[in-house]
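The stops below are given in the order in which to select them.

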Amino acid sequence: MKISYNWLKSYLDLNLVPSDVAEILTNTGLEVESVEMWESVSGGLQGVVIGEIVACEKHPDADKLNVTKVDVGTGELLQIVCGAPNARVGLKSPVALVGTTLYPASGEKLQIKKAKIRGVESYGMICADDELGLGASHAGIMELDPATKAGTPAAEYFKVETDHVFEIGLTPNRSDAYSHIGVARDLAAALSTVYKIDATVQKPKTNLENAKITSLSSANQLDLCAPIPCVKLDRGTGVKEVLIEDTAACPRYSGVNIAGIKVADSPDWLKNKLLTIGLRPINNVVDITNYVLHEYGQPLHAFDADKLKGGKIIVKKLAEGTTFKALDGTDRKLSADDLMICDAAGPVCIAGVFGGLDSGVSDRTTNIFLESAHFDQISVRKTAARHHLRTDAAMHFEKITDINATVEVLKRAASLICEICGGHVVSDIIDVYSSPVKGYTVTTTITRLNKLAGADIPVATIKNILTKLGITIENEDGDNLSLLVPTFRADVKREADILEEILRIYGYNNIPMPKTLQSSLSFSPKVDQVKLDNIAAALLTGMGFCEISTNSITQSTFEQDAALKQQQILLLNSQTAELDSLRTSMLYTGLEVIAHNQNRKSSDLRLYEIGKTYHRDGNAFSQQQHLVLFLSGQDVSDNWLTKGRKYDFYHLQSYVTNVLSRFGMHEYSANVIEASPFTFASRLSHEGQVLATYGQIDRSILKNFDIKQDVFFADINWDLLMQHSQHVHIQYRHLPKFPAVHRDLAMLVSADLRFEQIEHIARAEGRKLLREVSLFDVYKGDKIEAGKKSYAVSFTFLDPEKTLTDADIDKTMGKLMKKLESELGAVIRK
C-alpha cells in the first residue's frame, strides 16, 4: 500500500522528516517497507534554470546551428550551440547547465557536459519540452513568459512537486489503515497531536451545502433506526429508487444524482495526488472517485445516469450463465452467486468489483449517479476471484469497509465533483440501510489491561490513546471501562484487541524488561525439526547436493497415481490452471526444476528438498513431511583421464542409506516395486510403515516435462525418520583391537532372486560376528543353466573381544550356507 507523505501533512501538523515518520508508523504496527522520493518531473529539474538569449549568430561551420549567448542570472553569459529553428534574441527558455542530468521523454538519461560542436565550445543546452520530460514536442526550444527573470530555477517556474511515498506492508486485519485517513489517525494517536481530519474532510472547501443543490436531505435526517427497504424520489433526474434484494451481500447502499457535469482532464493537483501513489489519471470524475477511495478507503462508482434505464437501481443476483459486458469490453458469464447492480433493463455493474461498458462515464457524460455502498467481503472476494479481477475497489471491500462511512464519503466525493466538474446535486441522498450497525462493545478494567501489558500505564494515557483511535468510553465505573469500538475497526472486538491497540500506540519499547524470568521446564521429549533439517541439509550438501525450494501449489493434472489423485486438495479461487492444487507428491515440482535447469544447459544435477505434501480423505485433511532426492545427468564428467559416468539406481541407493544411517535407522526391510511413477524402484519399510521409496522415474512422465535424460528420485518419510531419531543415542566405541576376517562365497541362485534376501539371511545367522556383507560379482550366461545366475558375495567378520579362528568362521559360514540352500535353493559353488 502506497501512502503519500504530503497527503498525510494535509491532515496533521507534521514537522518530522519522512524517515522519522516511517519509524513511528512501523512502531505502531504499520510496517514501512520502503520510502521513495517522488517528483512530478523526473529529476526535479535540478540544474535547470530559466535563461535569456541575448545574442544569436549562425554557426561558422554549420548551416542549421546557432551560436548563442545566454544570460542565466550568474552575471556571466554562457556560450551555447543550439540547433532549434526558433532560437532568437530575447527568448526566455529553460537551460540545462553543465553537470545536469536530464530525464527526457525517451527514457534515456542525458548528462550535460562541456562540449565542442563543429569547433565551437558549448557550455550547456537550451531545452525543448521532450528533453525535460515535460511533453513530447521537439519542434523547438520552449518559449516561456518574457517577464520571467533569468536565473529562476526551472523547478520553481514549472511548480515541480516533490513527495515521499511510504510502501506499507499492511496486515490483512488492518482494513481501517487501508487509506490515508486511516494512517493519519494512527500517526496522530502516536504523536498525540492535533487531529485535523474532521475539519479537513467533513467540511471541504466546497461542501454539499455550498454547491448548487436542488434538494438535499442529510443522512442524519433519515430515520436510520427504522427499516428502510428503499427511498423513493419523485423529482430530479437519474435514479429515483434503490431496491436491495440481497441485504446479506449488500447491507447498505447510498447514492446521489449529480447533473450538468463536464468530463475533462483533472487539475494538476489531483493528477499529482494519484500519480504519487502509482495511479494513472483518467478523467476528472474517475480521478475523484479514486482520490476519495485512497483518502477514506471507501470505494465509489459513478454511473452515466442517462444510460440507466427505468430510474431505479436493483441490487440482486442473476441466473447462472447470464452474460454481462464489462468495462473492458469482455463478455463475462456470471455465476448465480455474483452480486450485481442492475437497472430496470439488466445488469450494469459487478457489485464492488467492476463496472459495465454500457453504463460507464465517457467524455459525453453530463449526468451521473454516484454510488457509495457496503458489500459483503466474502461475496466480493469470491466474485473477484471467479472473474480474475483484482481491482482496487475489490481489494478494499475484501478487507471490510466501514458501513457507517458511505454517506460521509458520498458527500465528500459529490462536493469535489461539484467543485471540479461543474455539476450540481439534483436529488436527495438515497440511503438504504435496513439494519444499522452501531459498533462493538468491549468491557475491560484498567487493572486487567496493565496486568496483561506487564506495565503500569497511566490511566490518562490509556484514555487518551483510546480517544485518539476513535474508541469511545461509554461508561466508566471505577476501574471498569465499557468501550464502544467504531465500525471502521472491524478487527477490534475483544479485550486482547483493546490492549494491542493501547500497546502499539504507547510503544512496545516503553514496556520495561522484567529483571527476573519465571518459567516451567519441560522434560518431555520433543522432535527439534529445525535441528534435524539442518543436519540433513549439511549431510546432503557435503555429498554434493544442492537444495531447492518449490511451490506447494502445483498443477493438479501432473499427478498420475489414482490413489493420490483422490487425495488432492483443489483451490477454490485458483488464478490459473497451472496452480490449482496443493501437491500430493514432491516429485513434479522437482521435475519442473530439473527441466528449468536442463533448458539452461545445466544437466548434471544432485538436488534435495525438505517439504510437505497435503492430502484429503473425505472431509479430513492432513500434511506429511518429506525429504526428497533427485539425481540426473552424470556423476563424473568426461575428461582426459576417465570416461563420464551417469547416475544410476545404485548411486541413489547409497545416498538414501547414508541418510538413514546418519539418523540411526538401520533396521528396515526392502521390497522391489514396479508402479507409477517409477520404471523400477525399491521400497523400504520400518515396523509396517513406508520409510522410503526410490527408483528411476518412468520416461512417459519425464516426457511431459520435456526432460530427455534419466531421473532418479527418492522420497523419504521425514516424519517417521524424525520420530525414530529422537530415540537414537549415538555411542562412541574404540577402534577394534582385533583383525577382521573376510570370506567369499560363490553360489548359483534363481534368476529372479534379489541380493536383499541373501543379506537378510546372512545378518540373521551372523548377528554377533558379521559386520558387513556385499555383492561383488554377478554372472549370467550360457555357461550356467537357464533361469539361474551366479552371485559372488563377500562377508566380513569381527569379534571385538578376541581374534577369530578358522573354526569360529567355519562354524558360522556352515550355518549360513545351509540356510541359503534350504530357504533360497542356492547351490554353493566350491
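Helices (H or I, at least four residues) and strands (E, at least two) are DSSP runs, numbered from the N terminus. This is a predicted model, in which local features need pLDDT of at least 70 and side-chain atom pairs count only at pLDDT 80 or more, while totals for chains, interfaces and linings use all residues. Residues are numbered from 1 along each chain as its sequence is written, and side-chain values use heavy atoms, with hydrogens and water left out.

**Stop one: Ser254**

Select Ser254, which is found in strand β14 (residues 252–259). Is Ser254 buried or exposed? Ser254 is buried, at a relative accessible area of 0%; buried means under 20% relative accessible area, exposed over 50%, and partly exposed in between (1.4 Å probe, protein chains only).

Now show polar contacts. A polar contact is a pair of N or O atoms within 3.5 Å; within protein, one must be able to donate a hydrogen and the other to accept it, and residues adjacent in sequence count only if both atoms are side-chain atoms. The side chain of Ser254 has such a contact with the side chain of Asp431, at 2.7 Å, and another with the side chain of Thr406, at 3.0 Å.

Next, display the residues in contact (heavy atoms within 4.5 Å). Leaving aside neighbours within four places in sequence, those touching Ser254 include Leu370, Glu371, Val407 and Ile430.

Side chains of opposite charge can pair when their charged atoms come close. A salt bridge is a side-chain nitrogen of Lys or Arg within 4 Å of a carboxyl oxygen of Asp or Glu. By this rule the model has 30 salt bridges.

Select Asp176 and Arg489, a salt bridge whose closest N and O atoms are 3.2 Å apart. Asp176 lies in the loop between β12 (162–169) and α5 (180–191), and Arg489 in the loop between β27 (480–485) and α14 (495–506), so the pair ties together parts that are 313 residues apart in sequence. Asp176 is buried at 7%, and Arg489 is buried at 2%.

**Stop three: Asp246 and Lys317**

Asp246 forms a salt bridge with Lys317, with 3.2 Å between the closest N and O atoms. Asp246 sits in the loop between β13 (241–244) and β14, and Lys317 in strand β16 (residues 312–317), so this pair joins parts 71 residues apart in sequence. Asp246 is buried, at 18%, whereas Lys317 is partly exposed, at 35%.
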